[in-house]
Amino acid sequence: MSNDKTPVSVIGLGRLGAALAAAFLADGHPTTVWNRSPEKAAPLEAKGAKVVASVTEAVAASPLVLTVVLDHAAARSLLEPAADDLSGRTLLNVSSSTPDDIRALAEWATSHGADYLDAAVMAVPQAIGTPDAQVLFSGSANAYERYGSELEILGTTRYLAADPGVAELFSMGLLSAAYGTLFGYVHGVALLDSANVKPTEFLGMAVQWLNGMLAFLPSLTREIETRDYTSGESSLEINLHALEYIEAASHDAGVDPGFVLPTLDLVRKRLEVAEPVHSVAGVFETMLGRT
Ligand SMILES: NC(=O)c1ccc[n+]([C@@H]2O[C@H](COP(=O)([O-])OP(=O)(O)OC[C@H]3O[C@@H](n4cnc5c(N)ncnc54)[C@H](OP(=O)(O)O)[C@@H]3O)[C@@H](O)[C@H]2O)c1
């Protein structure tokens, strides 16, 4: 039976690589796989993947080659022996790293004649293939034009910029926002534990509260974009008091206050140059080292 789907090679079959390879197989792509620990290829072979014994064979097998390993350094060291075979292919790197490390990997791959595209996957592997999986791309616009429609099977896809590091930068922005929320929630649970309140008693209230907080993001964004912090809804002084209370209450309850301390520090630094009534969003300037 003829197949007009692009042949794909997936190098790295950990949790994410295996999910991506399975999604390509399910969509009918001829799929070649390689993994350092070969036993992880067996379930994909059972689904129709071709298993190869070397990265060089994996690169040679397909015009679209994915690396889904620990980081850029692992991807680069795996690809080095296959560098001559990269020419004319598209390298789609899904391994996470800093934007600068991704740029260096892109430069190296491009110097060997590859089109480089980077993907940041904002999802757990189980969500791959559903709209809940946000997959962000940056790098070669030509590569995205060629393969973007086929990559839509992975989730909700977006091409962001020609700069290959930009997808990772978005990923880090989203993760930073999530970590603030998730670790802050755990700190809240720890505070309540000191009064024997069960986490489940807190959960519903926290979800309602955090959903309400999300509605606050547009006004923060407007203040940051206009750099006008004079009429914000939430002042530095009110938030300074709240953060100081949380620090003191944590000490009283025997809970590590570490989560709130960097934020308290930022607010105090901002107050050295801004009015107490100014918006808390002005810490943006402090983060960038502006006054
Ligand atoms: N899982 C997620 O939810 C998720 C979401 C977004 C992005 N990511 C990113 O996707 C990448 C892969 O994540 P994962 O969840 O699939 O991780 P994982 O399950 O821990 O798998 C790691 C993969 O990298 C390989 N690997 C690690 N170091 C290597 C090296 N030095 N040389 C060759 N292969 C090496 C492993 O090979 P072995 O099997 O031989 O150990 C395995 O295939 C990471 O950069 C991660 O940040 C993951």
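A helix axis here is a line fitted to C-alpha atoms over the stretch of helix in contact, and the angle between two axes, taken between their N-to-C directions, runs from 0 to 180 degrees. The views below all come from a predicted model.

**View 1. Helices α7 and α8 pack against each other.**
The axes of α7 and α8 sit 10 Å apart, and the angle between them is about 140 degrees. Angles over 145 degrees would count as roughly antiparallel, so this pair is described as oblique instead. As α7 passes α8, the crossing is right-handed. Which residues do the touching? On the α7 side look for Thr181, Tyr185, Gly188, Val189 and Leu192, and on the α8 side for Pro199, Phe202, Leu203, Ala206 and Leu210. Sort this contact by class and you get eight nonpolar residues, two polar ones and no charged ones.

**View 2. Asparagine 196 sits in the loop that links those two helices.**
Helix α7 covers residues 166–193 and α8 covers 199–214, with Asn196 in the loop between them. Is Asn196 buried or exposed? The cut-off for exposed is over 50% relative accessible area, and Asn196 comes in at 69%, so it counts as exposed.

**View 3. Arginine 227 is another non-glycine residue with a positive phi.**
Here the phi value is about 50 degrees. Arg227 belongs to the loop between α9, at residues 217–226, and α10, at residues 236–253. Its relative accessible area is 46%, which puts Arg227 in the partly exposed class.

**View 4. Helices α4 and α5 run alongside each other.**
Now move to α4, residues 72–79, and α5, residues 99–111. Their axes come within 10 Å and cross at roughly 15 degrees. With the cut-off for roughly parallel set at angles under 35 degrees, α4 counts as roughly parallel to α5. The crossing of α4 past α5 is left-handed. His72, Ala75, Arg76 and Leu79 are the α4 residues in the contact, and they meet Asp101, Leu105 and Trp108 from α5. By class, that contact has four nonpolar residues, one polar residue and two charged residues.

**View 5. Leucine 13 is tucked away in a loop.**
This loop joins strand β1, residues 8–11, to helix α1, residues 15–26. What does Leu13 touch? Leaving aside residues up to four places away in sequence, its contacts are Ala18, Ala21, Val33, Trp34, Asn35, Lys40, Ala41 and Leu44. To get your bearings, find Ala120 as well: it is 107 residues from Leu13 in sequence, and their C-alpha atoms are 16 Å apart in space.

**View 6. Alanine 23 is a buried residue in helix α1.**
The cut-off for buried is under 20% relative accessible area, and Ala23, at 13%, is therefore buried. Ile128, Ile153 and Leu154 touch Ala23, again not counting residues up to four places away in sequence. Leu151 is a handy landmark too: it lies 128 residues from Ala23 along the chain, yet the two C-alpha atoms are separated by 9.8 Å.

**View 7. Two stretches carry domain annotations in UniProt.**
An unreviewed UniProt entry places a domain called "6-phosphogluconate dehydrogenase NADP-binding" at residues 8–156. That span is 38% helix and 22% strand, and its end C-alpha atoms lie 19 Å apart.

The C-alpha atoms fill a box of roughly 65 × 45 × 30 Å along the principal axes. Of the 291 residues, 40% are buried. Among contacts with a sequence separation of 6 or more, 62% join residues 24 or more positions apart.

Key: Residues are numbered from 1 along each chain as its sequence is written. This is a predicted model: local features need pLDDT of at least 70, side-chain atom pairs count only at pLDDT 80 or more; totals for chains, interfaces and linings use all residues. Side-chain values use heavy atoms; hydrogens and water are left out. Helices (H or I, at least four residues) and strands (E, at least two) are DSSP runs, numbered from the N terminus. Angles under 35 degrees count as roughly parallel, over 145 as roughly antiparallel, 65 to 115 as roughly perpendicular and the rest as oblique. A crossing is left-handed if the near helix is turned anticlockwise from the far one by less than a right angle, and right-handed if clockwise. Contact means heavy atoms within 4.5 Å. Ala, Val, Leu, Ile, Met, Phe, Trp, Tyr, Cys and Pro count as nonpolar, Asp, Glu, Lys and Arg as charged, and the others, Gly among them, as polar. UniProt positions are given in the numbering used here, feature names are shortened, and annotations may be inferred rather than shown by experiment. Buried means under 20% relative accessible area, exposed over 50%, partly exposed in between (1.4 Å probe, protein chains only).
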